[in-house]
Amino acid sequence: QLQLVESGGGLVQPGGSLRLSCAAPEFTLDYYDIGWFRQAPVKEREGVSCIFNSDGRTYYADSVKGRFTISRDNAKNMLYLEMNSLKPEDTGVYFCAVDTLLLFRLCEPGYYDHWGQGTQVTVSS
């Protein structure tokens, strides 16, 4: 099984920041569409932010636009998500995922075929 490993989650107060990291020891991330997804307690898993390999374009969910920044370090084969101005509604398990099929080119979880275990982000006072 090809692995992705997330880290950087934790408990922060509203308005705080976190930086999530995703390591991919068996993927070259630059070859694929990659992204961050989250699942809140009472919601479906949703796409937070993705990078599409064809042109490097990025996608951000409307709810995080202007607050989150996705980036990759090709030399280190790492993916990051910088999260600023965090809100309680950002709480959830955050997953790093890869789409190796490249058939749909969307930031939707159903089309991503390799997933990490997730890292918990809790935003609370």
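Keep in mind that the model is predicted, so local features need pLDDT of at least 70, side-chain atom pairs count only at pLDDT 80 or more, and totals for chains, interfaces and linings use all residues. Residues are numbered from 1 along each chain as its sequence is written, and side-chain values use heavy atoms, with hydrogens and water left out.

**Nonpolar cores**

- A nonpolar core here is a set of buried Ala, Val, Leu, Ile, Met, Phe, Trp, Tyr and Cys residues joined through side-chain atoms within 4.5 Å.
- Buried means under 20% relative accessible area, exposed means over 50%, and partly exposed is in between (1.4 Å probe, protein chains only).
- The largest core has 26 residues, and Trp36, Phe68, Leu79, Leu81 and Met83 have the most contacts inside it.
- Among the elements giving two or more residues to this core are strands E3 (18-23), E4 (33-39), E7 (68-73) and E8 (78-83); strands (E, at least two residues) are DSSP runs, numbered from the N terminus.
- There's also a second, separate core of six residues, including Phe37, Ala97, Cys107 and Tyr112.
- Leaving aside neighbours within four places in sequence, Leu79 is in contact with residues including Leu20, Ile34, Trp36, Ile70 and Cys96, where contact means heavy atoms within 4.5 Å.
- As background, nonpolar side chains tend to be buried together in soluble globular proteins.

**Salt bridges**

- A search of the whole structure turns up six salt bridges, each one a side-chain nitrogen of Lys or Arg within 4 Å of a carboxyl oxygen of Asp or Glu.
- Arg72 and Asp30 pair up through their side chains at 3.3 Å, N to O. Arg72 sits in strand E7 and Asp30 in the loop between E3 and E4, so this pair ties together parts that are 42 residues apart in sequence.
- Glu46 bridges to Arg38, with the closest N and O atoms 2.8 Å apart. Glu46 is partly exposed at 28%, while Arg38 is buried at 5%.
- Lys65 and Asp62 form another bridge at 3.4 Å, N to O. Lys65 is exposed at 52%, and Asp62 is exposed at 68%.
- Shared partners link Arg38, Glu46, Arg67 and Asp90 into one salt-bridge network.

**Positive phi angles**

- Ser85 isn't a glycine, yet its phi is positive, near 50°. You'll find Ser85 in the loop between E8 and E9, partly exposed at 41%.
- Arg105 has a positive phi of about 60° although it is not a glycine either. Arg105 lies in the loop between E9 and strand E10 (114-115) and is partly exposed at 30%.

Conventions: Helices (H or I, at least four residues) and strands (E, at least two) are DSSP runs, numbered from the N terminus.
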